[in-house]
Every structure is written in structure tokens, then in C-alpha cells.
Amino acid sequence: SGLDIARSSLSVNADRASVVARNIAAAGDPDATRKIANQVTTDDGGVRIASITRDIDVGLFKLVQSATSEHARNTAVVEKLDSIQQVVGSPNDQTSPAAMISRLRDELLRFANAPNDLASGAGAITAARDVARSLNDATATVQRVRAQADEDISNGVERLNTLLSEFDQVNKEIINGTREARDVTDHEDARDRILTEVAGLIDVRTVTRSDNDMVILTDSSLVLYEGSPRTISFNPTGAFDASTTGSPIYVDGMPVTGSNSNQSALSGSLVGLARVRDELAVTTQSQLDEMARGLVTLFAESDQLGGGAPTQPGLFTYTGAPAMPASGVVVAGLAGSISINASVDPAQGGNINLLRDGAISDPGNASYIYNTSGGAGYSDRLRELADAFGQTIAFDGSTSLSAATDLISFSVESTAWLQEQRRVASEDEGRSAAVLERAAISLSRETGVNLDEEMTLMLDIERSYQASARLMSSIDTMFEALFAATR
């Protein structure tokens, strides 16, 4: 009996040593948990390994998952807003649309003070060209960011489907191993690693059923995995312009992004990308379009003879000319098509003096001439245009800015709005990064491998092995004495 006990102890110590060795080998793996060999006493006084389990803290692991989703969403938003802000900038940036609109007003006043000076007129035309180009460039950037976000969503959905397939394989291994009472702890680590990566793409919660089977759902209760992976679908958009609406992400045919979703996902990089593509970038584009519409309206030329000639775009024109854009309503993409009229642009063979005299929209048409006397010192029209920058006009309320203000104030509000969105997103990113870091450290401290603890445990195993060896040696001595006595 004593010999059997000693033999069982040696066998258990070998298994325990093997588990410790596994832990030491996984010490540098952030996804690995500490494995525990659970030892029990048998009816005959021996010992055996009843099971090998993980040192896991479910609450901390769920906190890591949640923090991962939040941080991924915030990071995606910040990265895309950074790209937009590089072009739109701030009112203090000389290349921003807001700064260039203010510069155009200043150049108009300078031209008004010297209306017979072609150099002053050329400065005003250059400023107008720069305004149009800045709005064109900003539009191109916004749509490029939307297209990149759409591509990133497509790649993310593809990765999500791959992860769910990998999860399916590991989960089935765990189910079968649990039923057969095998060690499945390494597979459980692999499953948790997959879950964490899934959480980075879309918010998840899990339910564990019998046989260690796991179900994955979104926070809005849409099933991502239950016995088999659900289909995550997305139709990428080939090209974006101001009128393009991106496709939603579907889980089993149910949208989880977009205005038509009743079970919207709340976090994850896919949610952040969709928010930039469908909300933040769209609002930014609407603001740019309203700036462009304000410029077209401000410089429009009206009938000066009272003959009923229609008001037409003057210095600034766009693809919808000669019709005027509707008042107070966003014209999608106007900022991308705005340009200065060729008739007043010397680079296109135009006449700078038309800015002073009028009839830019229809050169030679007396209905649109403001300088009826033809005087070289005429400045009324230029001063009227400069003053118009401070006049209140109606803007579309969907821009999230003032619905009634002057053009310069509106442009400054626009850049301030983008900066505020960027600031909030950046603060959210920093906060979520701190939460994720603290949660990950806490989880690692609670469930990760500590080399000092493992080495201490190895010494305990060594002492237990020595005790078993001494017991076997004592039994051997007793047998020798017994055999000697019977000779």
C-alpha cells in the first residue's frame, strides 16, 4: 500500500512539473493564463490529478473585452478625423477654407481702395481661386477618408468572418475535450484570444453553456456565433462623392450600422469607421458645401436694369450654373465643383475688371453691369461684396452649425466644430486606452504566469518528489530486512 502511494505521488509530481514547465514557457505570452493541476486524494490514500484548469477571472476578462471595443472605436474615429483636419485645419491655419475666405474679403477691400490697380485686382482673383481650391481639396479629402473607412470596414468584416470560423474550430475542440475529460486549457486560451480580437471589431458578450460551449452575441443581442458562425455581410462602395451613402453592416441579414438599424452595435472599430463614414464626414461635407453655396450666393449678379433677368452666379460658379442654388439648403458636392468664373480669371483669358464692373456671369450683357459709367475709380460693387461677408444668410440646419449667420462666422464655426469632434474623440481614446491598460494589467496580474511563483512551486514539487523517494527507499529497506529474516 505504501509503495502504491509513493508511486502515485511520483506520477502526480511528474504531471505537476509538466504543468509548471508549460506555465514557465508561456510566461511571455500575454494571451496565456496560468494552468493549475488540481490534485485529489484517492480512496486508497494515494493521489491523482483530477483536472487541469486555468486561473481565470471572468469579470476582469469581460472588462478587457469591453475596453478593447471602446478603444478600437475611438481610435478609428481619431485616425480618420486627423486626416480630415489636416486639410480643413483651424481658423488660424492659413490654408484652411475659413482663413482663405477671410483673406478674400481683405483682398476685396484692398482692391476697392485701388479699383484701377490691376495688381490689387489680381490679388483678389488669386484669393478667390485659393478659396475655391481649398474647398475642392477639402471635399476630395473628406470623400477619400469616407472611401478609406469603407475599405477598412470591408477588410474588418472579412477578418470578423475569419475569426468566427477560427472560433468555431476551437470551440468544437473544447466541447469534445470537455466531454472526454481532456485538458483543454490551451484551447480555452486560444478561444479567449479570438474573442478579444473579435471585440476589437465589434462589441460582444458571451454565454457559456454545458460542455463549455460558448455563444457570442453583440451587446444589442444579435447572435454572432451559436453552434456555427453567423454570416457577417457588407457591400463595399466602389467610389464616394458627396451624394454617396455607404452600405450598412449586416449580421444574419440584420443591419448593425446605419440609420435603419434597430439593433445597432455600440463599439468596436467597425462602429467607429461607420460613424466617420456616415455621420462625421457627411456633416463636414455639408458644412463645406454650405460655405461654397454662401460664396456663390454672395457674389451672385442680379438684374441692374429691372428687366427681369435671372440672378446668376458671378465670381464663383459651379456645375449647376447658371441656375442659382436654393436658399438655405445643402447642395451635395457643391464645394467639390465650385470654381471662379473663366470670364474674370486672367489665367483663363478673363478680364479682372469684371469683378469691379460686373457682368461676370454674362460679359457684355448690360443687365448685369454695375459700373454703368465705366469709371476706372468705381469701387461701389467691390465694397458691396466685401460688406456682404458680414451679412446674415440662411444655412441648412443639418450642418450642426448656426442656421442664420454670416459666411465668415459660419466657416469659423465649421473648423471649430471639427476641432471639437477631434478633441472629444481624442479624450475618449485616451480614457479608453487607460481603462484598457489598467484592465489588462489587472488581468495579467490575476491570471498570468508569475515566474517567481512557478519556481517556488517547482521547489515544492521537488521536495514532494524527494519525500516520495525516501518513502520508497524506506519500503525497500523493510523488504530487505524481511527477506534477511526469512533466510
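Visitor: What should I know before I start?
Guide: The model is predicted, with local features needing pLDDT of at least 70 and side-chain atom pairs counting only at pLDDT 80 or more, while totals for chains, interfaces and linings use all residues. Residues are numbered from 1 along each chain as its sequence is written, and side-chain values use heavy atoms, with hydrogens and water left out.

Visitor: How many residues does helix H10 have, and what span should they cover?
Guide: Helices (H or I, at least four residues) and strands (E, at least two) are DSSP runs, numbered from the N terminus. The expected span of a helix is 1.5 Å times one less than its number of residues. H10 covers residues 407–447, which is 41 residues, so it should span 60 Å; its end C-alpha atoms are 59 Å apart, in agreement.

Visitor: Which side chain reaches the backbone at the start of H10?
Guide: Look for a polar contact, a pair of N or O atoms within 3.5 Å; within protein, one must be able to donate a hydrogen and the other to accept it, and residues adjacent in sequence count only if both atoms are side-chain atoms. At the start of H10, a side-chain oxygen of Asp406 comes to within 3.2 Å of the backbone nitrogen of Ile408. At the start of H2, a side-chain oxygen of Asp57 comes to within 3.2 Å of the backbone nitrogen of Gly59. Just after H2, Gly89 has a positive phi of about 65 degrees.

Visitor: Where else is phi positive, in a residue other than glycine?
Guide: Most residues other than glycine have a negative phi, and most peptide bonds are trans. Ala181 has a positive phi near 60 degrees, and this residue sits in the loop between H4 and helix H5 (185–201). For the peptide bond, look at Ala321 and Pro322, which are joined by a cis bond with omega about 10 degrees. Pro322 is in the loop between strand S9 (316–317) and helix H7 (334–337).

Visitor: In which sense do strands S3 and S4 pair?
Guide: Strands of a sheet pair through backbone hydrogen bonds, either parallel or antiparallel. Here, two strands pair if DSSP finds at least two bridges between them. S3 (residues 205–208) and S4 (residues 214–217) are antiparallel, with four bridges; Thr206 has Ile216 in S4 as its bridge partner. Five residues lie between the strands of this hairpin, where Asp211 has a positive phi near 65 degrees.

Visitor: What is the order of the strands in the open sheet?
Guide: Three strands make up this antiparallel sheet, in the order S6-S7-S8. S6 (232–234) and S8 (254–255) stand at the edges with a single partner strand each, so one side of each has no neighbour in the sheet. Strand S7 (residues 249–251) is joined to S8 by two bridges, and the partner of Val251 in S8 is Met254.

Visitor: How many aromatic pairs are there?
Guide: Rings of Phe, Tyr and Trp (its six-membered ring) pair if their centres lie within 6.5 Å; planes under 30 degrees apart count as stacked, over 60 as edge-to-face and the rest as tilted. By this rule there are five aromatic pairs. One of them, Phe167 with Tyr225, is edge-to-face, at 4.9 Å centre to centre and 75 degrees between the planes. Phe167 belongs to helix H4 (residues 118–179) and Tyr225 to strand S5 (residues 223–225), so the pair ties together parts 58 residues apart in sequence.

Visitor: Which residues lie nearest the centre of the largest pocket?
Guide: On a 1 Å grid over the protein atoms alone, a pocket is an open set of points with protein on both sides within 12 Å along at least five of seven lines, whereas a cavity is a set where a 1.4 Å probe fits but cannot get out; lining residues have an atom within 4 Å of a point. The largest pocket has 31 lining residues, with Gly258, Ala274, Arg275, Asp278 and Glu279 nearest its centre. Helix H6 gives the largest share of this lining, six residues.
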